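Here is a short report on one protein model. Look over the sequence and the fold below, then read on.

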Amino acid sequence: STGGRDTSAGRTPRWQLALKVIAVVLFLAGYASLVVFLAIETLKEKAQVASLASEPSGPACANVICPMDSRCITDGVSGRPRCAGGVTQNVQTMELVLAIVVGLPALVCLPCSA
């Protein structure tokens with residue numbers, strides 16, 4: 001008795017092939033979902049940054065010059081102006097992650113398909 005195995009040489013049982021196909025489809029669906037999710041979240045962050053940039057900063061910030069990638073905000077308690085850094089760092093980080101998630105498989109797979 002062979003224990004229910006396919007004894008023909010070089011043949012993979014159908015259930016193993018079906019399992020491999022299902023695994024590949026699930027992986028590709030998960031990968032595509034991750035790319036779509038990251039793209040949507042990046043667009044949301046960009047829109048939020050744009051809305052923050054268009055908000056008036058108040059008269060206290062009229063004479064304050066902030067470094068690049070920061071903006072002047074008025075402290076709610078004291079009313080004093082201060083520079084708030086990292087306004088676009090979330091967007092930059094998400095763009096970097098999206099580029100890695102999309103770019104790394106492209107670097108690996110494209111040369112293999114040529």
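## Salt bridges

Lys44 and Glu41 both sit in helix H1, three residues apart, or about one turn of the helix. Helices here are DSSP runs of H or I with at least four residues, strands are DSSP runs of E with at least two, and both are numbered from the N terminus. The two side chains form a salt bridge, with the closest N and O atoms 3.3 Å apart. The term salt bridge stands for a side-chain nitrogen of Lys or Arg within 4 Å of a carboxyl oxygen of Asp or Glu.

This is a predicted model: local features need pLDDT of at least 70, side-chain atom pairs count only at pLDDT 80 or more, and totals for chains, interfaces and linings use all residues. Residues are numbered from 1 along each chain as its sequence is written, and side-chain values use heavy atoms, with hydrogens and water left out.

How many salt bridges does a search of the whole structure find? The search finds two. In the second pair, Glu95 meets Lys46, at 2.9 Å from N to O. This pair links distant parts of the chain: Glu95 belongs to helix H2 and Lys46 to helix H1, 49 residues apart.

Buried means under 20%, exposed over 50%, and partly exposed in between (1.4 Å probe, protein chains only).

| Residue | Relative accessible area | Class |
|---|---|---|
| Glu41 | 22% | partly exposed |
| Lys44 | 49% | partly exposed |
| Lys46 | 40% | partly exposed |
| Glu95 | 33% | partly exposed |

## Overall make-up

The protein has two helices and two strands. Along the sequence, the pattern reads α-β-β-α. Of its 114 residues, 11% count as buried.

The protein exposes about 8,900 Å², and carbon and sulfur atoms supply 66% of that area. Accessible areas come from the Shrake-Rupley method with a 1.4 Å probe; for residues, only the protein chains shown count as cover.

Contact means heavy atoms within 4.5 Å. Take the contacts between residues at least 6 apart in sequence: 34% of them join residues at least 24 apart.

## Where the helices meet

Thr42 lies in helix H1. Is Thr42 buried or exposed? Thr42 counts as buried, because its relative accessibility is 5%. Setting aside neighbours within four places in sequence, Thr42 is in contact with Met94 and Glu95. Glu95 is also the salt-bridge partner of Lys46.

Val102 is in helix H2. Its relative accessible area is 38%, so Val102 is partly exposed. Which residues does Val102 contact, leaving aside its neighbours within four places in sequence? They are Tyr31 and Val35. Val102 and Tyr31 are 71 residues apart along the chain, yet their C-alpha atoms are separated by 9.2 Å.

## Disulfides

A disulfide is a covalent bond between the sulfur atoms of two cysteines. In this report, a pair counts when the sulfur atoms are within 2.5 Å. The count comes to two disulfides.

The link of Cys61 and Cys72 is left-handed, with -80 degrees about the S-S bond. Cys61 lies in the loop between helix H1 (14-54) and strand E1 (70-74), and Cys72 lies in E1, so the pair ties together parts that are eleven residues apart in sequence. Both Cys61 and Cys72 are buried.

The other disulfide joins Cys66 to Cys83, with S to S at 2.1 Å. Cys66 lies in the loop between H1 and E1 and Cys83 in strand E2 (residues 81-85), so this bond ties together parts that are 17 residues apart in sequence. The torsion about the S-S bond of Cys66 and Cys83 is about -90 degrees, so this disulfide is left-handed. Cys83 is partly exposed, because its relative accessible area is 34%.

With the bonded cysteines numbered in sequence order, the pairing is 1-3, 2-4.

## A nonpolar patch

Leu96, Ile100, Leu104, Leu107 and Val108 make a nonpolar surface patch of about 510 Å². Patches are made of residues with over 30% relative accessible area and no salt bridge; like charges are joined within 9 Å, and nonpolar side chains (Val, Leu, Ile, Met, Phe, Trp, Tyr) within 5 Å. Leu104, one of the patch residues, is found in helix H2 (residues 89-113). Leu104 is exposed, because its relative accessible area is 51%.
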